[in-house]
Amino acid sequence: MLFAEQWMDWSWVADHDDLILRRLREHVELTAAAVAIGIVVATPLVLVSRRWRAAYSVVLTVTGVLYTIPSLALFALLLPWTGLTRTTALIALVGYTLLILVRNAVTGLAAVPAEVREAARGMGYTSRRSLIAVELPLALPAIIAGIRLAVVTTVGLLTVASLIGHGGLGHLILDGLNRRFPTPLVVGSVLSVTLAVIADVLLLQMQRRLAPWQGGR
Amino acid sequence: MELLGDVVAWFDDRANWRGSSGLVHLLGEHVSLSLWAMLIACAVALPIGLTLGHLRRGEVVAVNIANIGRAVPSFAVLVFALQVMSIGREPALVALVLLAIPLVLTNAYVGVAGVADDQREAARGMGMTGWQLLRRVELPSSIPLVMAGIRTAAVQVVATATLGALVGAGGLGLLILRGLRTRDHVEVFAAALVVALLALVAEVLLGVAQRLLTPRGIRGDAARGGDPAI
């Protein structure tokens, strides 16, 4: 019990429930926005990559380089243009989702058996209709697996954005660091992990509903 | 593009390279912190991952530990480490080791456990002992995956070592954090460039190492794909 009391000061939590909820909401909003924008940006990249192999390797290289740049450095590199704003955090986070989203979607679409595509064509489907009605549903598990990875990664990375003032629950962690007071640190970390797990489970369920024939792992 | 000129001037100024908060010293701290973290993580994770993979035991733990690790922000782990240790290198080292272990372990497990049954049976049929099987068959065939895990972990360790400055471990993050505090955009930008380059260099070097270590017979297919852990 002594250990628990040292780490968790429940009265602090009770006094700061507004702050905690605000940070949590900010975390959810920023994560959702980053992944949503990531999907929007990734879609044309996937379509281009699907058609031209050379384009795919360019897309993979560029998003791979983005993915490799440490988050704090990427935030810092954007500062001269977008300053200490939400936009800076969002651009960097969107950048990190792209590699995961594009690679999973392209791999998923490429795994659709050629016979299936031919069957669709034989039934008179245009290539666009085949993509939307046949290939996309078949690739859905891979695509959603990518979205799940992107969400979990973004939830974690976002905490670092607290260093530029827009880090959601990361601010609680930073507060714990600056004051060497563990309670906000514990609250921020536990909520962040919980958020990642909940988002992951929800997306898995969505996948099962959208592609019930696949079972889903 | 006034900024870029200032950044060039920053790099041109020798004072920014020397001393205890100069680029050379901080780069050294950054690299040595990352190297030690990877050495310790490999020393812990490789034997466990390879053994479990060889015995094909503990799959649930070995496979899921990387997923769990991903959900825990390394920033939080770093600050947690500071709560139980004093300011300096140790909390950063502990956090980086904890960050790297799951990635290395999961890939080592998946690599070894994924070796085809007929390959293992053939080796057994040739009279190999368990140890010989691991050393001569399972290890060589699993190198692409094992190395992919080490590479992914190393790149993340180099990235997260940037945050080490928050707990007094020094490294290149020091310049970024200092610049953020003093609103020195030029210093922030220049340091961020160096950090980004360092991460890219680590990625490329380990990619080359991965390719060179992969036995010739299985080069080409798995060696290119890289990080299944991501």
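I started with burial: of the 217 residues in chain A, 45% are buried (20 or more other C-beta atoms within 10 Å of a residue's own, with C-beta atoms placed from the backbone). I'm working with a predicted model, where local features need pLDDT of at least 70, side-chain atom pairs count only at pLDDT 80 or more, and totals for chains, interfaces and linings use all residues. Residues are numbered from 1 along each chain as its sequence is written, while chains are lettered from A and ligands numbered from 1 in the order in which they are written.

Next, the fold. I found 10 helices and 0 strands in chain A (DSSP runs numbered from the N terminus: H or I of at least four residues for helices, E of at least two for strands). The C-alpha trace of chain A spans about 70 × 40 × 25 Å along its principal axes.

Then I picked Thr31(A), which sits in helix H3 (residues 17–51). Thr31(A) counts as buried because it has 25 C-beta neighbours inside 10 Å. Leaving out residues up to four places away in sequence, Thr31(A) touches Val151(A), Thr154(A), Val155(A) and Leu158(A) (touching means C-beta atoms, placed from the backbone, within 7 Å).

Last, the contact between the chains. I noted 30 residues from chain A and 29 residues from chain B. H10(A) gives the most to chain A's side, with 8 residues. That side has 20 nonpolar, 10 polar and no charged residues (nonpolar: Ala, Val, Leu, Ile, Met, Phe, Trp, Tyr, Cys and Pro; charged: Asp, Glu, Lys and Arg; polar: the others, Gly among them).

Terms used: Contact = placed C-beta atoms within 7 Å. Buried ≥ 20, exposed ≤ 12 C-beta atoms within 10 Å, placed from the backbone.
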